[in-house]
Amino acid sequence: MNIYNNPPRAEWPSLCRRAEQDNSLIQSRVEAIVGRVRREGDKALRALAEEIDGVSLRSLMVSEQEFCQAEQRVSAEVKAAIEVAARNIETFHRAQLPAGVDLQTQPGVRCVQRAVAIRRVGLYIPGGTAPLFSTVLMLALPARIAGCREVVLCTPTNRAGEVAAEVLYAARRCGVEKVFKVGGAQAVAAMAYGTESVPKVDKIFGPGNRYVTLAKQMVAAHNTSIDMPAGPSEVMVMADGSADAAFVAADMLSQVEHGRDSQAIVVCSSEQIAVAVAREVERQQAQLARADYVAESLANSRAVVFDSREQMIAFAEEYAAEHLIISMRDAWKVAEEISSAGSIFIGNYSPESAGDYASGTNHTLPTSGWAHSCSGVNIDSFMRKMTIQELSEEGLKALAPTIEAMAEAEGLEAHAAAVRIRIEKC
């Protein structure tokens, strides 16, 4: 892991750069998949399952029998863990439900803002190297709390055409009834446009590989909203003399095991800390069963040393990490100066994996610097804000001169006339 000592500002952009992805090679492939599903529906989904995954599917929808079998296969330990995590996630997200707004901006002019749930949402749960059943909790529970009428879940199967038992158990725990055996870009297309089996949804949530991400961006250009832009997972750890190098290294390794293009950066207050962390990373990596797997993502990782706390904060702000761990003295004061991060973890005993699973915060977060402008998934992600207004006769009379003056200044005569005709009638 390379160590950079007090790099000048001119070098910060290159040090904040993520692993670059060239999607040009898969762009046409994803376009073809999306177009095929839009035209052919279920027929395309079945054919693509055979072509890409080598799976022949009788039914695209998970049956009640499969749900029951999954419940039997999940261990009591995992069931208990899911229950604890679900309760914490529910508690935190229920507290986010917005209060309504109902007031008079002036006498006779009433303005209301009401939060309403998105009617139908689609959740994508990756399979890949590990089925992310924790993501079911992170997406389906807020959807239910927000009041979404229908939740559709798509996830790939294994070679036997089976969905991971933990995914199905978590889905049932969250009240999800419709789970479909569809993965990849074709799952996104199915939820965006609808097929004979998969309902069309209003908004799509969930992480995925480059095919999934590109498909989400494609359908978002039409009439289906998505949760956020998403890229490879990342963590930044801010560490001073109060940090434990072993803890820092463990957090970095826990993040880079997500994928070969994941990234971990440690920002240190001294070179001594950076060296200690680098040594711990090497030691702990050797003990991992997936040591070779994380080696490539560690190549994208680095340690950056700054003499001042102000520079450490400024660098963290420029990077805008998906996960930001602050292992420093007065960590809460440091956090108060951070405005660009997906989720912040305070102190030596707040590992990123706590947020990934069970603390209660959501782990679906902006990556690739999008934390400068995007929030992670929260209860608002599953809701829309709708405004209502009512003007009394007196209220309109009082506001009419303002409306007419502005409408005429903009050259919109009909706008002014819509007010004037009412005033004349009065």
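The model is predicted. Its largest nonpolar core has 40 residues, and a second, separate core has 33 residues.

**Helices H6 and H7**
- Helix H6 (residues 133-146) packs on helix H7 (residues 165-173) at an angle of about 15°, and the two axes lie 9 Å apart.
- Angles under 35 degrees count as roughly parallel, so H6 is roughly parallel to H7.
- The crossing of H6 past H7 is right-handed.
- From H6, the residues Phe133, Val136, Leu137, Leu141 and Arg144 meet Glu166, Val167, Ala170, Ala171 and Arg173 of H7.
- The residues of this contact between H6 and H7 comprise 7 nonpolar, no polar and 3 charged.

**Helices H2 and H9**
- Helix H2 (residues 24-40) and helix H9 (residues 210-220) cross at roughly 65°, with axes that come within 10 Å.
- H2 and H9 make a right-handed crossing.
- On the H2 side the contact holds Ile26, Gln27, Arg29, Val30, Glu31 and Val34; on the H9 side it holds Arg210, Tyr211, Leu214, Ala215, Met218 and Val219.
- By type, the residues of the H2 and H9 contact are 8 nonpolar, 1 polar and 3 charged.

**Nonpolar cores**
- Within the largest core, Val121, Val136 and Leu137 have the most contacts.
- Two or more residues of this core come from each of helix H4 (64-73), helix H5 (76-94), strand S4 (120-124), H6, strand S5 (150-155) and H7.
- H6 gives the largest share of this core, 9 residues.
- Beyond its neighbours within four places in sequence, Val121 is in contact with residues including Ala143, Cys148, Val151, Val201 and Phe382.
- The second core includes Val55, Ala189, Val198 and Leu214.

Technical notes. Residues numbered from 1 in each chain as written. Predicted model: local features only at pLDDT ≥ 70, side-chain atom pairs only at ≥ 80, totals over all residues. Heavy atoms only, no water. Axes fitted to C-alpha atoms, helices over the stretch in contact; angles between N-to-C directions. Helix = DSSP H or I, 4+ residues; strand = E, 2+ residues; numbered from the N terminus. Parallel < 35°, antiparallel > 145°, perpendicular 65-115°, else oblique. Left-handed = near helix turned anticlockwise from the far one by under 90°. Contact = heavy atoms within 4.5 Å. Nonpolar A, V, L, I, M, F, W, Y, C, P; charged D, E, K, R; others polar. Core = buried A, V, L, I, M, F, W, Y, C linked by side-chain atoms within 4.5 Å. Buried < 20%, exposed > 50% of the residue type's maximum accessible area, 1.4 Å probe, protein only.
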